[in-house]
Amino acid sequence: MTTTTTSGAVAAPPQAARARTGGVSAATQRAPYLFIAPFYVLYVLFMIVPVGAAIYLSLTSWVGLGTPTFVGLDNYSGLLTDSSFWTAAGNSGIYVAFSLLVIVPCSLLIAQALNTKGLRARDLFRVTFFVPMVVSPIVVALIFSMMLDREYGLVNSMLYSLFGVPGIDWLSDPEWAKVSVSFVLLWRWVGYLTIFFLAGLQAVPRELYEAAELDGAGAVRKFTTVTLPSIKPVTAFVVVTSFISAAQLFDEPYLLTKGGPGEATLSVAMFIYRAAFERQQFGYAAAAGVFLFVIVFAVSQLLNRALQIGRAS
Amino acid sequence: MALTRRELLRGALLLGSAAAIGTTAGCAPGASTTPITSGPVDLLLWTHDEGYMKFFEGSLDLAASLTPYEYSLRSTRIGATDLVTKLIAQAVAGQGTPDIAGLELGNFARLLRGELAPELLAPLDDAVADVRDDLIEARLAPFTHDGSLYALDSDVPMVVYYRRDDLFAELGVPTEADSWEDFASFGKGFYEKTGRSLGAVATGTDLGQVMQIFWMLLLQRGGGLFDADGELAIETPEAEEVLTFLVDGVQSGFLTTVSDFYGPSMQTALKDGTVIGLWMANWYEAYGLKPNVPEQAGSWRIGPLPPFQGGGGRTSVGGGTGFAAISGSVKTDAATGLVTAAYLEPEQQVRRFTELGYLPTRRSVYADERLLASEDEYLGGQRAFEVFASLVDDAPPVYLSADILILQTALSGALVDAYRGRKRPSEALSDAAATFRSQASR
Amino acid sequence: MSATTVTTPSAGAPAAPRGRTTKAPSRLTPSRAALYCLLVVLLAIFVLPMLFAVSGSFKPRADIFGEPLRLIPSTATLENYRSLLSSQPFWSWFGMSVGVATVATVVSVFVCALAGFAFAKYRFRGKQLLFTIMFSSLSVPFAVILVPLFVLLVKTGLGSPYFALIIPWVAPAFGIFMMQQYIVQSIPDEILEAARIDGCTEFGIFLRVVLPLLRPSLGALGVWSFLQSYNSFLWPLVIVSDVTNYTLPLGLNILYASENRAFDLVLPGAVLASVPMLIVFLVLRKQLLEGLSAGAVKG
């Protein structure tokens with residue numbers, strides 16, 4: 001059915017089974033609709049109205065209470081000239097690039113390492129990468145601000161005693177703050193993504209590796225010729241959802257730097273939150289939200305195309 | 001498919017608009033029913049701190065004796081920022097609003113936008129009319145909007161200079177400097193000799209705090225972030241003078257930078273004696289010093305701030321939490337009665353100082369003998385209230401703007417840039433002002 | 001917790017295979033040694049912050065930051081735990097969070113697998129459009145629909161915490177999308193055909209053939225789903241009004257937001273709060289990691 005099936009290395013004889021389509025019962029035809037119904041019921045009940053309201057609000061000026069004033073496209077044109085918004089967009093771009101180019105590959109490598117046959121203390125390592133996810137966000141903020149403190153932080157005192165590096169302003173220097181946020185992003189996300197990759201790796205048939213070994217393939221070649229093609233659907237999923245989550249990133253900069261210093265680590269999602277819940281500019285926030293939605297949706301559709309996701313045959 | 005999507009969107013838009021319009025009507029639950037005018041009434045209080053909850057619970061009998069109501073109270077704790085967010089959301093939904101809310105100053109400012117404050121909060125002008133002359137005007141200003149008072153401050157959060165008296169004596173630091181400037185030039189040499197600083201500025205991720213440390217001295221100097229009309233006032237000679245003073249202090253070592261006055265960095269600095277003095281509001285003793293350095297009990301003292309040579313008073317203010325009655329409910333009148341009884345009665349003001357450490361907001365209470373005679377153990381038995389009483393007439397008024405959180409982002413970044421030498425003080429202030437103006441217009 | 005504290009014995013000790021590793025430990029090659037080194041370094045980076053939190057939770061308030069470098073508190077005390085549990089309705093926060101997250105996880109794993117199965121293995125009219133609609137909901141920024149959604153639920157009388165914290169979130173597009181991709185990868189069409197020939201109904205195929213084969217990815221989705229619910233803050237904030245119905249993130253936040261920043265209550269709270277998630281992980285670990293024999297997949 002989907003083109004991905006063929007590349008998914010389940011060694012399926014290409015589409016042979018398709019021949020069956022002759023007599024499909026009514027029940028079989030109804031089944032997929034029933035299977036996906038729960039989502040659409042909830043979607044209609046709880047998604048359409050709020051999204052519609054948000055689109056409407058994006059055309060108004062509204063402080064959060066009282067009657068919204070219709071302002072047409074003012075909010076949108078305001079966004080285009082708002083330097084904060086573009087700063088935020090630039091930062092979100094950095095977070096997206098970092099998550100796709102660094103975090104996703106790292107997770108795959110870690111998953112691969114953890115999947116190694118006969119690895120000792122495997123459970124210990126697996127739990128390790130999971131630990132950041134169970135740490136409550138308040139504690140993440142607290143512990144990292146302690147470790148990264150300029151004057152009293154653990155990291156700076158280690159750097160100083162080991163290499164004589166003078167105090168780095170991890171959280172209040174515009175450039176280093178981006179590095180710190182990115183690091184925490186890596187720290188918190190790698191475990192998640194590793195789990196997804198691990199689940200994908202489980203489904204790669206051992207026989208394929210054995211066959212490759214018989215052909216004399218080394219570890220690297222096995223990885224590129226067997227592992228990567230086999231887990232392509234999962235990889236595509238991880239790439240697309242990482243993109244969407246990174247583009248909508250809120251937690252890490254909010255926890256660590258509150259978007260600061262100034263707006264050096266502000267993300268678009270924080271920009272929206274700030275406008276709506278600190279500055280009481282709901283209409284403006286909604287416009288930024290619509291803008292973010294359109295961009296994220298368009299790019300993720302392109303990614304879907306490129307990665308051949310959900311394409312009907 | 002494109003067509004279907006468009007239809008879908010149009011449908012959604014219609015539905016959404018309908019919902020949005022539906023939401024704007026009737027944000028006053030039970031507005032049609034008659035207000036409760038006497039008898040039993042059950043009120044809901046929202047606040048971010050347990051201390052206030054206990055204080056209000058302890059005020060119910062008194063309030064009952066002063067009003068026709070018999071009060072019972074339920075309390076919910078919510079973080080200061082979240083409280084306002086949730087308050088607005090509940091008001092839009094038309095139910096679930098509290099009757100009384102404690103509004104932290106910076107978040108109260110959010111209600112100054114549009115008609116939020118008048119829509120949500122009951123004006124208290126009539127309720128305070130009898131004692132208005134006795135209320136400290138400087139603490140009415142921040143909670144006043146378009147001439148109406150919407151909340152009663154819990155405190156006159158006066159700023160004093162905290163010092164490690166033991167180390168000051170041992171190391172020969174003057175306890176009553178003639179001016180900040182003199183103190184700073186002493187502090188420079190002192191730092192070179194001892195490696196200790198006589199003050200600190202915040203540079204961390206709590207942007208409100210970064211701004212507040214600067215704001216306190218700016219207010220002392222006679223300036224402010226906003227003027228009485230709510231217009232931005234950071235491009236003034238006073239602001240530049242104060243920032244230059246801070247930047248020079250940081251660069252000379254007279255002042256040090258810490259990322260959080262309540263957290264790890266300040267605790268370390270206090271424990272190892274890197275910071276042996278600082279300016280902060282009256283509540284810092286309870287919320288900053290005691291929790292972090294209980295072992296230094298007895299070594300701390302407070303005193304007036306050294307004045308600036310250029311002018312201004314000997315104290316300032318920082319923070320504050322106002323309590324407001326929520327409007328449009330059948331219980332609004334009862335809630336107003338409880339807030340005013342709990343907050344304005346002189347005995348209550350005395351109790352608020354003894355139980356919570358907050359300073360009276362009525363001028364006459366500063367003559368209370370019990371308070372004047374009270375000794376503070378943590379401050380080595382010092383009569384702290386005497387110090388505050390001698391300074392209360394210097395407490396400068398604070399003016400807010402609906403846009404203060406926009407300024408907070410812009411200014412906190414600029415301040416850190418200035419402390420670190422990345423920008424000159426005047427440049428930092430004008431950059432912050434420019435950023436502010438480009439964003440505040442919406 | 002125990003899982004994180006056993007670091008020392010096993011970390012990179014090649015000569016002493018501990019009981020439950022594989023039967024035939026391979027020789028320690030240089031590349032494998034490098035792998036261990038790397039993993040151990042990463043282990044330190046990943047676990048250290050949590051260890052600080054654990055050790056901080058046993059220190060008196062005045063020492064929490066004063067001696068941040070000491071993992072072993074100079075004066076360890078249970079006082080923080082005691083005062084947290086006696087002064088706050090901690091266990092009701094805990095119960096609320098765990099209950100909500102468990103129900104939401106069980107339901108959503110099932111619903112997502114079902115929908116993912118439909119998208120992965122059926123051809124039906126409107127599939128492309130329906131997929132796109134489903135997929136588009138992933139890109140909606142939550143902050144802009146928060147207030148309208150809240151108003152909608154309250155106006156329709158559905159604002160009860162138990163309903164609002166669970167039901168709107170039991171069919172996340174993320175999970176459906178995820179399940180679709182895993183099913184595409186790991187379930188060959190042939191076994192579905194074989195089951196149909198055996199006379200299974202479509203739902204029967206899902207239950208008896210598909211679900212068992214999906215175990216690793218169901219585990220991954222379960223972990224994701226539990227965490228989503230367990231860690232969410234903004235939505236419970238507007239939905240829950242009664243302190244005893246607070247979820248853990250709300251409860252910890254009010255401790256942190258109090259005037260004196262009650263770190264001495266936040267840290268033990270956070271440590272206790274992480275226990276259910278570790279348990280979920282350990283329970284699902286089997287599903288997640290032990291995997292399936294290749295034969296089963298090949299059917």
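The model is predicted: local features need pLDDT of at least 70, side-chain atom pairs count only at pLDDT 80 or more, and totals for chains, interfaces and linings use all residues. Residues are numbered from 1 along each chain as its sequence is written, while chains are lettered from A and ligands numbered from 1 in the order in which they are written.

**Chain B as a whole**

- Chain B holds 20 helices and 13 strands; these are DSSP runs numbered from the N terminus, with helices being H or I of at least four residues and strands being E of at least two.
- The radius of gyration of chain B is 24 Å, close to the 22 Å that the globule rule gives for 442 residues, so chain B is as compact as a globular protein of that length. The radius is taken over C-alpha atoms, and the rule is 2.2 Å times the number of residues to the power 0.38.
- The C-alpha trace of chain B spans about 70 × 65 × 35 Å along its principal axes.
- Of the 442 residues in chain B, 57% are buried. Here, buried means that 20 or more other C-beta atoms lie within 10 Å of the residue's own, exposed means 12 or fewer, and partly exposed is in between, with C-beta atoms placed from the backbone.
- Take the contacts in chain B between residues at least 6 apart in sequence: 77% of them join residues at least 24 apart. Two residues are in contact if their C-beta atoms, placed from the backbone, lie within 7 Å.

**Where the chains meet**

- Chain B puts 34 residues into its contact with chain C, and chain C puts in 24 residues.
- Several elements of chain B supply at least two residues each to that side, including helix 1 (2-24), strand 2 (69-77) and helix 14 (284-292). The largest share, six residues, comes from helix 4 of chain B.
- By class, the side of chain B that touches chain C has 14 nonpolar, 13 polar and seven charged residues. Ala, Val, Leu, Ile, Met, Phe, Trp, Tyr, Cys and Pro count as nonpolar, Asp, Glu, Lys and Arg as charged, and the others, Gly among them, as polar.
- Over at the contact between chains C and A, 93 residues of chain C touch 86 residues of chain A. The chain C side there has 66 nonpolar, 20 polar and seven charged residues.

**An open sheet in chain B**

- Five strands of chain B form an open sheet in the order 2-1-3-13-6, with mixed pairing; two strands pair if DSSP finds at least two bridges between them.
- Strand 2 and strand 6 (152-153) of chain B stand at the edges with a single partner strand each, so one side of each is left without a neighbour in the sheet.
- Strand 1 (residues 39-47) of chain B runs parallel to strand 2 of chain B, joined by nine bridges. Across that pair, Val41(B) stands opposite Tyr71(B).

**Strand 7 of chain B**

- All of strand 7 (residues 158-164) of chain B is buried, seven of seven residues, so it is largely enclosed by the rest of the structure.
- Met158(B), Val160(B), Tyr162(B) and Arg164(B) are buried on one side, and Val159(B), Tyr161(B) and Arg163(B) on the other.
- Five bridges tie strand 7 to strand 10 (residues 277-281) of chain B in the antiparallel sense, and Val160(B) stands opposite Met280(B) there.
- Strand 7 also pairs antiparallel with strand 11 (residues 300-303) of chain B over four bridges, where Arg164(B) stands opposite Trp300(B).

**Helix 20 of chain B**

- Helix 20 (residues 425-440) of chain B has 16 residues and reaches 22 Å from its first C-alpha to its last, close to the 22 Å expected at 1.5 Å a residue. That expected span is 1.5 Å times one less than the number of residues.
- The buried residues of helix 20 pack against helix 5 (83-114) of chain A, together with helix 12 (237-252) and helix 19 (404-419) of chain B.

- Gln280(A) has a phi near 55 degrees, positive in a residue other than glycine, and is buried.
- Asp146(B), not a glycine either, has a positive phi of about 50 degrees, but counts as exposed.
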